[in-house]
Amino acid sequence: MIGFIVKRFINYAILSAIATLSAYLLASTILNPAGRYLGRNPRPSDETINSILTGLGVNPHTPVIERLWTWVVNLVTHGSLGDTIHNTTVVSEMTARAGTSLRLLILGTIIAAIVGVAIGVWGAVRQYKFSDQAISYASFTILATPSFVLGILLMILATLLNNVLGVQLINFTGEYTAGLDGGWWVQFWDRAAHLLLPTISLALMGAAGYSRYQRSAMLDVLSADYIRTARSKGRTRGSALVRHGVRVALIPMSTYFAYSFATVLAGAAVTELVFSWHGMGEMLVNAITQSDINAFTGAVLFNAVLILIAGTLSDVVYAALDPRVRV
Amino acid sequence: MNSQSNHLLEVRDLSVTFPQPGGSVTAVRGVNYHVDKGEFLGIVGESGSGKSVSSLAVMGLLPSSAQISGDILFEGRSLLGRSDRELSKLRGEGISIIFQDPLSALTPVYTIGAQIAEALQLHDRALSKLAANARAVELLKIVGIPNPERRAQSFPHEFSGGMRQRAMIAIAIANNPRLIIADEPTTALDVTIQAQILEVLQKAKDLTGAAVVLITHDLGVVAGNADRIAVMYAGRIVETGTVDQVFHAPTMPYTIGLLRSMPNLATAGHTRLVPLEGRPPQLSNLAPGCPFAPRCPVAIDACRTTEPPLTSIDGNPLNASACLRVEEISGGALNRAALYPVPAPIALEERAEVAPKTVLAVDQLVRHFPLTKGSVFKHSIGKVRAVDGVSFDIKSGQTLGLVGESGCGKSTTIMEILELAKPQSGQVTVNGRDVSTMSAKERRTLRQDIQVVFQDPMASLDPRLPIQDIIAEPLTVHAVPARERSRRVRDVMELVGLDPSMASRYPHEFSGGQRQRIGIARALVTDPKIVVLDEPVSALDVSIQAGVINLLEDLQEKLGLSYLFVAHDLAVVRQIADNVAVMYLGRIVESGPSSEIFDHPQHPYTRALLSAVPVPDPTLERSRQRIILQGELPSPTEDIAGCNFRTRCPLYQLMDQDGQEQCRTLDPARRQVQGSSVACHHSEHIDLMTLATSQP
Amino acid sequence: MSMLDEIPVADPAAGNPEVIQSPKPVSRFRLVLSRLRSTPRFWVGIIGLGTIVLWAIFGLAPNAWNASDLDTFNMGSSPTALHWFGTSDIGEDIYAQTIVGLRKSLIIGLLVGPLAAIIAGVVGAVAGYVGGWWDKAIVWVIDLLLVLPSLFLFILLSPIFKSLSWVALIFLLAGFGWMIMARVIRAQTKSLRERDFIKAARFMGVDTWTIIRRHVLPNVSSLLIIDATLGVGGAILSETTLSFFGFGIQAPDVSLGTLLASGQSAAATRPWLFVFPAAILVFTVLSASLVGDALRDAVDPTSGVNRE
């Protein structure tokens with residue numbers, strides 16, 4: 001079992017590394033960091049631009065392989081990811097933002113997984129009954145809604161609610177209210193209130209996907225012979241499904257979790273942008289628009305590490321659930 | 001209706017209908033039967049006859065969409081209309097069931113012990129976990145699982161098929177039920193394992209005193225075990241009686257045909273089989289009248305209008321038959337033996353002249369697969385000796401039957417031959433040419449001469465192509481012009497008994513037997529010399545088998561073909577093969593002419609294999625001595641010094657010290673003993689086995 | 001992520017022999033069609049999709065305004081008889097704009113879905129059938145593209161595509177939309193490869209490309225059709241998301257995404273600027289995915305584990 005996990009971890013680690021390196025190469029060939037300075041007024045001299053770019057390690061006159069090498073050497077020897085175009089280090093930028101993103105991601109994913117699995121099981125057991133149909137149509141609708149639309153619709157609803165109540169019950173712009181005074185309790189509630197809508201948005205998207213998947217995994221299990229065996233031993237249908245069915249149907253879910261995680265990351269980035277959160281998603285998109293190669297690679301690395309963790313985690317769960325891979 | 005019943009289980013006028021988009025299907029149509037305490041009832045029928053559906057109805061395990069009518073009484077109380085909760089109290093405690101496929105029937109994520117303990121605790125809330133586990137180990141011991149304490153901790157995937165089925169039996173008898181339903185319990189298993197499981201089932205029956213309902217398609221299995229039999233056809237019971245009544249004096253033409261169409265290990269090979277033409281009706285749109293009438297050789301007009309009820313014969317309530325002409329048959333006015341026309345052998349002038357020469361020779365063929373371990377760094381920890389020095393040859397116009405249980409390497413052997421590539425070691429010679437020395441072009445030309453027919457006719461035909469394209473496919477490789485192709489396709493379709501006007505249809509429009517004919521047609525379209533037949537009839541229903549076997553025999557005589565016939569069914573092999581080679585763990589342990597192998601087997605494995613095959617004749621079954629091999633087929637990765645059969649060999653047990661020493665250290669070479677070539681040191685003492693088993 | 005391969009791929013030929021004995025030899029196509037007909041979801045989806053397409057084609061005819069017209073007397077008006085969906089700040093008719101945007105989004109979706117399915121079919125079949133190094137290389141590329149969220153790649157590549165016409169976006173979306181399906185096709189091909197009819201063809205000496213063309217692709221075609229259908233919705237979602245953030249369709253072209261972007265700022269105060277186009281978008285994608293899902297259920301009632 002340990003061998004299996006180690007193998008999968010190495011596989012993910014190599015994938016993440018290659019993904020990061022190719023992101024660096026792609027960004028270096030596509031983005032034009034000089035463009036940002038050319039448009040300035042007064043336009044800095046070519047030498048100035050050149051020296052700024054060289055300082056950042058993104059000078060297009062240096063061969064791209066050499067730049068990549070320097071970047072890797074810096075990462076390995078100093079743990080440095082280079083500087084952003086705003087003269088901060090990428091690492092400090094990331095530490096400032098990572099917490100914001102992680103808070104959203106972890107909460108959203110956990111809620112999504114629990115809710116998704118629960119209603120997936122419920123839908124499968126009540127297949128074709130009204131509740132199953134209602135859940136199905138609801139999840140299809142959510143899956144058909146782009147995450148930015150979902151976010152904005154939630155904001156519209158919150159505004160309506162606030163207007164009806166006459167108080168600012170739900171806050172949704174930014175991560176916290178700027179300049180709010182009070183103890184940490186007040187701060188905590190403020191942040192929790194801000195967290196509400198983005199988390200709902202992300203959790204809804206995730207839960208819709210998971211519930212569809214869990215439902216079909218459950219349906220596969222419903223007709224399985226071992227359910228019939230469990231019933232022949234003297235279990236009722238419901239108890240056989242819960243004791244034997246759900247346990248087996250969770251196995252494919254653990255792999256689905258790993259490969260749906262990239263989609264969740266993209267959804268989280270969009271959610272951050274919509275709710276004006278200064279998280280890693282915003283950093284990534286801003287980096288591209290501002291042609292900031294170092295910041296972009298840093299953000300991709302962050303995502304790659306998250307995928308590495310999610311993938312390994314799902315393998316651990318997989319191995320724990322399925323005795324057939326424990327060798 | 002009086003709902004009192006003196007029987008343990010009584011099924012009254014049971015009908016089961018499944019609503020489906022294309023119209024509802026009535027799988028069971030008015031079935032009546034009963035089982036008394038401690039009785040052994042066999043229910044026999046082909047696939048789709050409704051035998052499993054009726055037993056699931058008894059258990060209350062049919063899907064909720066099924067519409068059930070009639071009545072099911074267990075110990076005098078009606079089971080229909082009771083809630084799932086009420087029925088669940090009875091399931092496992094009063095009635096338990098053993099399913100066909102033991103791999104999918106056990107939950108993969110729980111240990112075997114836990115699954116047995118679960119059955120115990122469900123019906124005895126007071127039972128502690130510890131006590132349940134202890135009892136589970138005890139049950140595993142009863143069903144003959146070695147090391148039960150350790151094996152209780154194993155997961156289902158760590159068990160072999162036979163052991164899983166033993167575990168299923170352990171679950172079934174856990175609460176001492178009064179009735180055990182066994183639904184095709186041995187169908188997925190090899191014949192020696194089948195013999196073991198049937199023995200365990202008998203033991204379980206004796207131990208618990210339960211009645212058993214054994215559902216099977218194999219008449220041989222019920223012949224030796226059941227007290228009474230019910231034969232099902234198209235959702236109804238068409239004949240019922242004691243084993244002797246049904247086997248020796250069948251009165252329903254279907255039963256008669258079924259018995260005559262089965263190759264019988266005791267008698268096969270002397271005459272052509274008598275095929276039961278046609279196929280079972282589709283249950284969704286049954287024509288009025290007897291559902292067997294379209295296939296019945298003695299059907300009269302009345303058969304096509306009224307469905308005959310099950311009427312008792314000579315006033316015996318336990319012996320009944322659903323045939324309008326039952327009295328003529330039981331009275332002898334219609335001769336059972338002459339009911340079905342016996343196919344004539346191929347006339348002499350139509351037979352192909354064959355010069356006796358060797359067309360396929362395999363010499364010391366070896367195929368080992370490396371076995372790797374380690375998830376990060378793979379390293380070899382051994383090898384699977386799938387094929388470990390196999391030699392045989394086939395002469396033109398002859399059939400070699402290659403037999404053995406699953407995992408013995410027979411499939412790998414034929415795949416190695418069909419690749420026409422250089423083997424790992426050894427030599428394959430086709431038409432006198434060593435295949436390893438050929439160029440790619442020569443190899444492609446040679447492929448015309450050696451063709452293959454696969455086991456499952458559905459899987460071997462591309463469902464997306466019309467059958468003319470399927471049959472013509474081998475010709476496209478050899479650049480045969482289109483006009484010539486379609487002529488050849490028509491010819492070969494006629495040859496195998498298919499109407500050429502059906503050439504543009506798709507495989508799913510044909511029945512199983514017809515599909516296998518399409519597979520045979522495809523193999524014959526290039527005019528080959530050798531046809532490799534990989535279990536060609538084992539996926540077919542018994543009544544369909546005979547027609548295909550006869551066709552193969554006819555074709556061989558007409559075209560002078562040579563067959564390499566791979567099968568696990570020894571009766572079928574005896575029917576068709578001239579020579580037989582018996583494989584065990586990648587080796588041929590005995591080979592020789594068919595009559596020698598079947599009548600005077602010289603290797604203990606051959607003898608055990610033959611004795612394990614059930615014969616559809618209750619009188620013969622009762623008098624047969626069965627040699628039950630101990631244990632399972634060892635894994636081919638194990639390196640067994642000396643003779644690789646000695647771990648299970650009954651003869652080895654009977655040898656003296658010196659003899660056993662020889663088996664342990666010396667790998668027996670094949671040598672000529674009487675008519676066959678045998679790889680055993682002690683064939684001369686083979687009769688010791690007979691003496692040992694005949695002692696009480 | 002090669003564990004995806006271990007997700008069981010249902011064998012369409014397998015069925016419960018005892019219960020589901022098909023009444024008469026119906027062709028697979030007819031069977032699928034009859035199952036489809038009895039699925040309400042299919043009807044909801046196909047009618048919805050048909051309505052949307054017809055509306056996109058003919059919807060402008062009864063409207064008095066064109067997408068480029070500016071009604072300077074009614075700037076920022078709410079929905080009225082004159083402007084059914086209201087107008088924007090500079091007097092653009094939202095109804096007309098929605099239809100023009102819908103057309104673009106639909107064209108992109110309807111082209112990208114099938115295109116991605118074709119790529120998935122070819123790549124998956126080659127990887128699954130040929131095996132060996134081809135397989136390893138393809139799986140690595142697929143895994144890599146799954147680790148890097150494709151949204152980020154789209155955004156990264158957008159500077160290149162911005163300078164080209166919107167048609168380039170079709171190829172971009174198709175180029176990154178085939179991976180998950182290719183994995184499924186690959187797994188399916190691997191199991192097909194062990195099926196006897198393909199073995200039979202191999203033993204006859206039929207060459208690899210002919211086997212892929214004649215046997216493999218037709219036998220995975222139902223999966224590809226499903227994928228193409230589900231891909232339509234997915235592509236529209238990707239396109240609108242990109243356009244919303246300014247990385248996709250560029251002015252003066254209009255798509256549902258750009259329309260939503262311009263309506264966003266006023267979403268809370270004048271919801272019609274946002275809600276109407278958003279509802280149309282959701283309805284379109286929902287219809288396409290309902291059709292795709294119903295198709296999948298009809299082709300293989302036990303499926304659904306392979307893709308979501």
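Colleague: What are the helix and strand percentages over residues 137–161 of chain A, and how far apart are the end C-alpha atoms?

Modeller: Helices (H or I, at least four residues) and strands (E, at least two) are DSSP runs, numbered from the N terminus. In this predicted model, residues 137–161 of chain A are 88% helix and 0% strand, with end C-alpha atoms 25 Å apart. For residues 12–31 of chain A the figures are 95% helix, 0% strand and 27 Å. Both spans are among those that the unreviewed UniProt entry annotates as "transmembrane region" in chain A; UniProt positions follow the numbering used here, feature names are shortened, and annotations may be inferred rather than shown by experiment.

Colleague: Which conventions apply throughout?

Modeller: Residues are numbered from 1 along each chain as its sequence is written, and chains are lettered from A and ligands numbered from 1 in the order in which they are written. In this predicted model local features need pLDDT of at least 70 and side-chain atom pairs count only at pLDDT 80 or more, whereas totals for chains, interfaces and linings use all residues.

Colleague: Where is the kink in α10(A) centred?

Modeller: The bend at a residue is the angle between axes fitted to the seven residues ending there and the seven starting there. In α10(A) a kink of about 40 degrees is centred on A:Ser260. After α10(A) comes A:Ser276, with a positive phi near 55 degrees.

Colleague: How many residues of α10(A) are buried?

Modeller: A residue is buried if 20 or more other C-beta atoms lie within 10 Å of its own, C-beta atoms being placed from the backbone. By this criterion, 31 of the 38 residues of α10(A) are buried.

Colleague: How many residues of chain B are in contact with chain A?

Modeller: Two residues are in contact if their C-beta atoms, placed from the backbone, lie within 7 Å. Here 29 residues of chain B are in contact with 25 residues of chain A. On the side of chain B that touches chain A, α2 (84–90), β6 (95–98) and α3 (112–123) of chain B each supply at least two residues. That side divides into 13 nonpolar, nine polar and seven charged residues, where Ala, Val, Leu, Ile, Met, Phe, Trp, Tyr, Cys and Pro count as nonpolar, Asp, Glu, Lys and Arg as charged, and the others, Gly among them, as polar.

How values were computed:
Buried ≥ 20, exposed ≤ 12 C-beta atoms within 10 Å, placed from the backbone.
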